Amino acid sequence: MEIVNKRQWKINKILYYLFKERFKKKINFDFPNNLNRWDLINQVINQKKFNSYLEIGCDDDYAFSQIKLKDKIGVDPSSGGNFRGTSDEFFQKNNRKFDCIFIDGLHEYDQVNKDIINSLENLNENGIILLHDCLPKSLNQQAVPRYQWVWNGDVWKCIVKFRCREDLDIVTCKIDHGISIIRKIKNKDKLNLIINDFKKLKFENFYYNHKEYMRIMEYNEVLEYIKS
Ligand SMILES: C[S@@+](CC[C@H](N)C(=O)[O-])C[C@H]1O[C@@H](n2cnc3c(N)ncnc32)[C@H](O)[C@@H]1O
């Protein structure tokens, strides 16, 4: 990590505490050690007999390299995958659809919101979108701008927003920092929230409401859920 990052992160932390939020309680999600994001993605692909895969944000290809499909595209501006550029650049050029899309790029509300909207437009009928890092344990892990290494960002706020839509059914699998699953089917458990700007939600809101907000399921429950 570069020194410039450390300094910037210190400033970000102070500013966050001063102007955004201070909240010390943490959530113990107790994620199982033996289940990774690619286990769930591969289960989804096998169970649904999917043929095509798009990953947004690949980094060292930990997940991308585990996906055994021939038809796979990995988008990242700096490393991994097979498309060099941002997700916005990719979607601007792209003119095809995918069965399975894994969103794991820039974990900031506005970008995740755009990535979800673009993914919904580029998803095959009966396709599935998965998003990483949806269950942050602490305020520090979800603060934007970022100020520490272990970081999920505020992806969770987008999930709350899209959980209010009639036409999307969303659950969150309790593995590997939380993986939400979005399907274009009627919402079976719609959130009825009156919130003008979901970006302004606080970690305190998440701490007290995460079960309802995120519709959290264990891994085995999710495998049953996607059969339906
Ligand atoms: C958390 S890492 C991805 C990890 C990977 N999916 C895995 O499962 O191991 C996030 C990646 O997103 C990339 N990224 C940042 N901004 C992006 C953007 N606008 N579009 C696509 N990728 C982005 C970063 O370069 C970084 O490699």
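Where is the place of Arg 215? Arg 215 sits in the loop between helix 7 (203-214) and strand 8. The structure is a predicted model, in which local features need pLDDT of at least 70, side-chain atom pairs count only at pLDDT 80 or more, and totals for chains, interfaces and linings use all residues. Residues are numbered from 1 along each chain as its sequence is written. Helices (H or I, at least four residues) and strands (E, at least two) are DSSP runs, numbered from the N terminus.

- Eight strands make up an open sheet with mixed pairing, in the order 3-2-1-4-5-7-6-8.
- At the edges are strand 3 (83-84) and strand 8 (216-217), each of which pairs on one side only.
- Two strands count as paired if DSSP finds at least two bridges between them.
- Strands of a sheet pair through backbone hydrogen bonds, either parallel or antiparallel.

**Strand 1 and its partners**

- Strand 1 (52-56) and strand 2 (71-76) run parallel and are joined by five bridges.
- Across this pairing, Tyr 53 stands opposite Lys 72 in strand 2, and Ile 56 has Val 75 of strand 2 as its bridge partner.
- Strand 1 is also joined to strand 4 (residues 98-103) by four bridges, and these two strands run parallel.
- Leu 54 has Ile 101 in strand 4 as its bridge partner.
- Four of the five residues of strand 1 are buried, so the strand is mostly covered.
- A residue is buried if 20 or more other C-beta atoms lie within 10 Å of its own, exposed if 12 or fewer, and partly exposed in between, with C-beta atoms placed from the backbone.

**Strand 2 and strand 3**

- Two bridges join strand 2 to strand 3, and the two strands run parallel.
- Val 75 has Phe 83 in strand 3 as its bridge partner.
- Asp 76 has Arg 84 in strand 3 as its bridge partner.

**The ligand**

- The ligand is surrounded by 19 residues, of which Gly 57, Asp 59, Tyr 62, Ala 63 and Gly 105 are the closest.
- A residue is near a molecule or strand if its C-beta atom, placed from the backbone, lies within 6 Å of it.
- Strand 1 and strand 2 each supply at least two residues of this shell.
- The shell has seven nonpolar, seven polar and five charged residues.
- In these classes, Ala, Val, Leu, Ile, Met, Phe, Trp, Tyr, Cys and Pro count as nonpolar, Asp, Glu, Lys and Arg as charged, and the others, Gly among them, as polar.

**Two helices that cross**

- Two packed helices are described by the angle between their axes and the distance between the axes.
- The axes of helix 4 (residues 109-121) and helix 6 (residues 155-162) come within 8 Å and cross at roughly 45°.
- Axes are lines fitted to C-alpha atoms, for helices over the stretch in contact, and angles run from 0 to 180 degrees between N-to-C directions.
- Helix 4 and helix 6 are therefore oblique to each other.
- Angles under 35 degrees count as roughly parallel, over 145 as roughly antiparallel, 65 to 115 as roughly perpendicular and the rest as oblique.
- The crossing of helix 4 and helix 6 is right-handed; a crossing is left-handed if the near helix is turned anticlockwise from the far one by less than a right angle, and right-handed if clockwise.

**Backbone details in the loops**

- Arg 215 is not a glycine, yet its phi is positive, at about 50°.
- Arg 215 is partly exposed because 19 other C-beta atoms lie within 10 Å.
- Lys 49, in the loop between helix 2 and strand 1, also has a positive phi, near 55°, and is a residue other than glycine.
- Lys 49 counts as exposed because it has 7 C-beta neighbours inside 10 Å.
- The peptide bond from Val 144 to Pro 145 is cis, with omega near 5°.
- Pro 145 is in the loop between helix 5 (139-142) and helix 6.

**Sequence and space**

- Arg 22 lies in the loop between helix 1 (3-20) and helix 2, and counts as exposed because it has 10 C-beta neighbours inside 10 Å.
- Arg 22 and Phe 203 are 181 residues apart in sequence and 8.9 Å apart in space, C-alpha to C-alpha.
- Ile 41 belongs to helix 2 (residues 37-48) and counts as buried because it has 23 C-beta neighbours inside 10 Å.
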